[in-house]
Amino acid sequence: MQTSNLAPAVFVADPHAVQIRTVEPSPVRAFLNARGSGKLADGSFAAVMMLCACSIFAIVLFIFSILILRSKLSLVAFGWKFFTRQAWDPVSGDFGALPFIYGTLATSFLALLIAVPLALGVAVFLTELCPKPLRGPISFLTELLAAIPSVVYGLWAVFVLVPLMRDVLGPFLYKTLGWTGFFEGTNFGVGMLTAGIILAIMILPIISSLTRDIMTAVPNSQREGVLALGATRWEMIRIGVLRNSRIGIVGAIMLGLGRALGETMAVTMVIGNHPEINKSLFAPGYTLASVIANEFSEATGDLYLSALIEIGLALFLVTIVVNAIARLMVWAVTRGAPARVA
Amino acid sequence: MSYQPIHQPPPMDFRSKSMRLNTLRRSVMNHLITALSILATLLVIAPLVAILAYLIYKGASSLNLAFFTHIPAPVGEPGGGMANSIVGSGIILGLSSLMGVPIGIAAGVYLAEFGRGTLLANAVRFTADVLNGVPSIVMGIAIYSLVVMQQKHFSALAGGVALAIMMVPTITRTTEEMLATVPHAIREAALGLGVPKWRTAISVSLRTASPGIITGCMLAFARVAGETAPLLFTAFGNQFWSFKLNEPIAALPLQIFVYAISPYDEWHRLAWAGALVLIVLIMVSVTLVRIVANRGVLKGAS
Amino acid sequence: MGVGIQVENLNAWYGSTHTLQDINLHIPANHATALIGPSGCGKSTFVRCLNRMHETNPIARATGVIKMGDLDIYKDASPVEIRRRVGMVFQRPNPFPTMSIYDNVASGLKLNGFRNRRILDETVERSLKQAALWEEVKDDLKKKSGASLSGGQQQRMCIARALAVDPEVLLMDEPASALDPVSTSKIEDLIFQLKSQYTIVIVTHNMQQAARVAENTGFFLNGKMVEFDSTHKIFTNPSDKRTEDYITGRFG
């Protein structure tokens, strides 16, 4: 009986093999039988959905190509030197983007410097230390920060932060850290430091909520394993949580950086808008985004407009690269788990 | 079976001086970090409370009926309001939702229902996430180059297109996430009944995920409702009433920006009032839709 | 009324796994046929081939001929048309959570575009009565969600949903495996009632269940059908040693 290569045979168990239908089909059956296969509808629906999905590629390609097209004039006139030249003279048609690059980088890194430790602290507090009933309200509050429009931050900064910087924080920094050379010159309240602070406040919720998600994704067994070795809570967080999620945290920080690089309105309102490279953080500056916001609509002359669009192109490419790297890092940790940056 | 260890390590003595110091150092570190993280949380919550409190204080004291019924007064004249900006914002946002919501949801449906696991879907998902991080000002100049340069004038339509493009990636990703939470068994139930795939996607998957998708759309809406930068060179702003789609139109965030950087106290007052109205509009619309969406679901549904 | 099913040389794959190998069998009309076998033997894949649900998985594939009455289901019609003729009840109850009980039962008709309200009402009532659920839910048909019922009630609602389209064949993939004993016996009673009107194919890993409800039983092992015969013969005097080993509990 152990014939494993049994030839397939047709089993017929019931003698009434052929059933002749005698009853008229019910109205329901008649209707369903008459219904078409819906292949056409299915195919076209899938095609439309795919088209909409591909429109996202189209949007990115379109932005890229139109920015290149419209900045051709400036690309041809200045070449790569555009990004290393300091001149910004609309009257004589001489343009260089270095002051804006400097301003953008300086304010963004200043913002990260302030925001990252705070965001990590908040994330650690929320995931590891916070008593349960407080967790909900505090994360809701930090996410509320993300819902406030940029222009409202700017408004608040102009009327509250700027006077505060001018009268309290600025003089204090000058007295204590003036020797470093970062806090010199006349302090008007507007400048790169103020811009950095408002940026820090704006990117905090992004970094902290993403970091929180990433730290929550660390399995509890990791925590218990470290605790079982007799570690204190901090050692558990450092070894069991932070070390496991460091790539994701770096990704979250880079997403915050991407936001900071492109943030426009609030920065424009408090940075002072002066194309100059200055070591002092009290000095007014200019960023890539804010020069576009300020000068684009009154740009006269094709070269001027084209130079501004080239700045936009640079901003687009830099943020795309930063975001792409950041996304890959966050994905590597959360494995495609929902990213909750709105 | 007697087993003799070759080398017997000395037992750990937790009372030795070095051990006690080590324990002390570790526990001090532990408390220090705890204190620092609490401090960080307080430092983060402080500006939020400060901003909201100041905004409510300044905004509420500046609000009056005229704000909602009048258009801006000329420079130097007291009074005036932002009625045209509120309506303008409504028109621009309506336009952008009309374009952005269907495309975003459709793209999300593709990712979750048709393209699961394919290379194309992964590429779309990644591009959407990256597009989400493109600065809004860049959208502004891109749409300026496309629409405004062609039409030769600023328009409400251009503003709507710019905001629509910003809504798409957010809506796509939320839709996909929400559809992914719909159990596969439910789709199989519908397919097993001979329901075509397109009908299954709409009437079963999307319908089951609808509360989450509506919330996601509202969040995208709230995000672009406060956007100023992409409107600077598209909608441009307008001091008067305008209902035409191919003319410059006022928008609340734009008007707040213009008034905030102006030198007039009267305009500052209006800027605060506008900011409060904007925030309240955003928060109320988000909460309202959440409540309505939740009520729409039948009792006992999981 | 049901139709008979003729299966010839059916082969099925999941990716590179050959899950069904050369299945040949005739399932008689208006009888219950049970498919037994250890888990992973291919019996679920087999019923999913019968209504072409198998191919909803992108890596899955099937070859062979399946005739439902005179209709070659892989050649003469689209999957959608086949599934409209074949009702399916799944392992776990899967009601549509956003729909009321009424809409759940009527979904096979409504989602396929059937609009006649009077016939819809009649069909829902008939199906719920057939599924022995009518008395329990008739008062809040449109008020309560299908997901608010108990597990056993949900599964009977899913049976009613499958019956509402007046199918020619009813496939049941371990319909009682997720249910308590009381609900299980109700489902078995139901199958007993229904088999005079529909061709029923029921997959089960519970041999007593097969013995209780089915006239014919097929035994699957490692993707092959080892034996197919009347239930009585299979359980009392199987002709294959492996069948005997299985039903006497030597493995599986």
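Reader: Which residue of β7(C) is the bridge partner of C:Met88?

Author: The model is predicted, and local features need pLDDT of at least 70, side-chain atom pairs count only at pLDDT 80 or more, while totals for chains, interfaces and linings use all residues. Residues are numbered from 1 along each chain as its sequence is written, and chains are lettered from A and ligands numbered from 1 in the order in which they are written. Helices (H or I, at least four residues) and strands (E, at least two) are DSSP runs, numbered from the N terminus, and two strands pair if DSSP finds at least two bridges between them. In this case, C:Met88 has C:Leu171 of β7(C) as its bridge partner. Strand β6 (residues 86-89) of chain C pairs with β7(C) in the parallel sense over four bridges.

Reader: Which residue of β8(C) is the bridge partner of C:Leu171?

Author: That partner is C:Val201. β7(C) and strand β8 (residues 199-203) of chain C run parallel and are joined by five bridges. Between them the chain passes through helix α7 (residues 181-194) of chain C, in a β-α-β crossover that is right-handed; the term applies if, with the strands pointing away from the viewer, the path from the first strand over the helix to the second runs clockwise.

Reader: Are the residues on the two faces of β7(C) buried or exposed?

Author: In a regular strand the side chains alternate between the two faces of the sheet. A residue is buried if 20 or more other C-beta atoms, placed from the backbone, lie within 10 Å of its own, exposed if 12 or fewer, and partly exposed in between. In β7(C), C:Val169, C:Leu171 and C:Asp173 on one side are buried, as are C:Leu170 and C:Met172 on the other. Five of the five residues of this strand, 169-173, are buried.

Reader: What is the strand order of the open sheet with antiparallel pairing in chain C?

Author: Its four strands have the order β2-β1-β4-β5. β2 (17-27) and β5 (71-72) of chain C each have a single partner strand, so one side of each is left without a neighbour in the sheet. Seven bridges link β2(C) with strand β1 (residues 5-14) of chain C, and C:Leu10 has C:Ile23 as its partner in β2(C).

Reader: Why is chain A described as more spread out than a compact globule?

Author: The radius of gyration is taken over C-alpha atoms, and the globule rule is 2.2 Å times the number of residues to the power 0.38. Chain A contains 13 helices and two strands. Its radius of gyration is 30 Å, well over the 20 Å that the rule gives for 342 residues, so chain A is more spread out than a compact globule. The C-alpha trace of chain A spans about 105 × 65 × 45 Å along its principal axes, and 47% of its residues count as buried.

Reader: How many residues do chain A and chain B each bring to their contact?

Author: Two residues are in contact if their C-beta atoms, placed from the backbone, lie within 7 Å. Chain A brings 73 residues and chain B brings 72. On the side of chain A, helix α2 (residues 39-70) gives the most, with 18 residues.
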